[in-house]
Amino acid sequence: MAGVYLHVPFCKQACHYCDFHFSTDTSLLTDVCKSMSAELVLQKEYLTEPVSTIYFGGGTPSLLTSSEIGHLIEKIQCLFKIAPDTEITLEANPDDLSKEKLKALRHSGINRLSIGIQSFNNDLLKFLNRVHDSSAAMQCLEDVREAGFDNISIDLIYAIPGLSENIWQETLLKALSFSPEHISSYALTIEERTVFGNWSKKGKLHPMEEESAARQFEMLMETLGGASYEHYEISNFCKPGYYSRHNSSYWKGAHYLGIGPSAHSYNGSTRQFNIRNNSAYLRAIQSGKIPSETEVLSEENKINEYILTTLRTQWGCDMSFLKDHLQDDIMSRKGDYLTLLERQGLVSIEENVVRLTRKGKLVADKIAEDLMMSV
Ligand code: SF4
């Protein structure tokens, strides 16, 4: 099964922490949307498997009208084989989801919403430069249910400078009170080309101490685990059965087609990167070209990607798969290290599958880095 990702590179305003590809000048929004439709035609041979997930990401795809979204979904349905029960997710910001829009989105075929709540605290929302406030976030979470959405995900950010443990606990409990099927939660990282990056360089902003950030991650695991959410990927939690099928398929190595400026595609042996420039993207598509670069993945790249992605999930890193499909005998490379990790309680190894323990999840990146091959 394969996926289609559509990147909508526009936002109402720039959040201070975000380094995704987007523009706050929305004058090209309609043209880019039309070009994405044209790109789907140009790329219609890319996937050979049926499509089982469609994901509108960004940027802020909820800036598109429901008829633009509906048109893109129909286009995909015309051009690709579509599996029954396809998961169709829209990333959305609370300020875009009026009751009318929600009704129209349901009608357009969207069956899952991933809502950028980030926090329920007004001071923090302002600090992050989000458009919405706490009451808009809460109203939106009521409205999505009223509109009939029964599969929603909430994004939350922790390790924000100024986020106390009390506020974080309140945020988690508030999120749980809406009973979302899925919660994604990320530690704030300070990226260079952002307002926070700039403040940090000038010494005006200091990232949260690692220990405090780790404590907030533990609170996240404790609170959501206590509410019976499965911690199925380092940053993702769900009620039983409500995994993000789209993201899970990335982590399981499924093929996907990325449409729109800066979108990536993957077909098992190469990765394709679309240009990160909206005007250049439009010009290329209008002249019938796909503005992308292609990277042929080396065997080491494939091994490293497999380790990096699978280790973060509850399904773990299957050493038999590595050996049989990627010719990597990780036990002969890293057997002593894995034994040490197991003794330290950082990983468990059962039936040749390495999984991070709760303690191991706190140092997931370091463990993955140590297990990867040097390229
Ligand atoms: S976090 Fe989302 S809404 Fe904010 S600038 Fe980035 S893409 Fe846009």
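**Exercise 1. State which residues Gln118 is in contact with, leaving aside its neighbours within four places in sequence, and whether Gln118 is buried or exposed.**

Step 1. Contact means heavy atoms within 4.5 Å. Leaving aside neighbours within four places in sequence, Gln118 touches Tyr17, Leu128, Arg130, Asp155, Leu156 and Ile157.

Step 2. Helices (H or I, at least four residues) and strands (E, at least two) are DSSP runs, numbered from the N terminus. Gln118 belongs to strand E4, residues 112–118.

Step 3. Buried means under 20% relative accessible area, exposed over 50%, and partly exposed in between (1.4 Å probe, protein chains only). Gln118 has a relative accessible area of 8%, so it is buried.

The model is predicted: local features need pLDDT of at least 70 and side-chain atom pairs count only at pLDDT 80 or more, while totals for chains, interfaces and linings use all residues. Residues are numbered from 1 along each chain as its sequence is written, and side-chain values use heavy atoms, with hydrogens and water left out.

**Exercise 2. Locate Met1, give its exposure and list its contacts beyond four places in sequence.**

Step 1. Met1 sits in the segment before strand E1 (2–8).

Step 2. Its relative accessible area is 57%, so Met1 is exposed.

Step 3. With neighbours within four places in sequence set aside, Met1 is in contact with Glu49, Pro50, Ser52, Ala83, Ala254 and His255.

Step 4. Between Met1 and Cys33 there are 25 Å in space, C-alpha to C-alpha, for a separation of 32 residues in sequence.

**Exercise 3. Describe the aromatic pair formed by Phe120 and Phe178.**

Step 1. Rings of Phe, Tyr and Trp (its six-membered ring) pair if their centres lie within 6.5 Å; planes under 30 degrees apart count as stacked, over 60 as edge-to-face and the rest as tilted. By this rule the count is 14 aromatic pairs.

Step 2. In the pair of Phe120 and Phe178, the centres are 6.2 Å apart and the planes make 15 degrees, a stacked arrangement.

Step 3. The pair links distant parts of the chain, 58 residues apart: Phe120 lies in the loop between E4 and helix H4 (122–128), and Phe178 in the loop between helix H6 (165–177) and strand E6 (182–187).

Step 4. Phe120 and Phe178 are both buried.

Step 5. Elsewhere, one aromatic cluster is formed by Tyr232, Tyr243, Trp251 and Trp315.

**Exercise 4. Examine the backbone at Gly59, Ser179 and Ser262.**

Step 1. Gly58 and Gly59 are joined by a cis peptide bond, with omega about 20 degrees. Gly59 is in the loop between strand E2 (51–58) and helix H2 (66–79).

Step 2. Ser179 is not a glycine, yet its phi is positive, about 50 degrees. Ser179 lies in the loop between H6 and E6, and at 32% relative accessibility it counts as partly exposed.

Step 3. Ser262 also has a positive phi, near 75 degrees. Its place is the loop between strand E9 (256–259) and strand E10 (264–266). With a relative accessible area of 13%, Ser262 is buried.

**Exercise 5. Compare the radius of gyration of the protein with that of a compact globule, and describe the fold as a whole.**

Step 1. The radius of gyration is taken over C-alpha atoms, and the globule rule is 2.2 Å times the number of residues to the power 0.38. For 375 residues the rule gives a value near 21 Å, and the protein has 21 Å, which agrees.

Step 2. The protein contains 15 helices and 15 strands, and 51% of its 375 residues count as buried.
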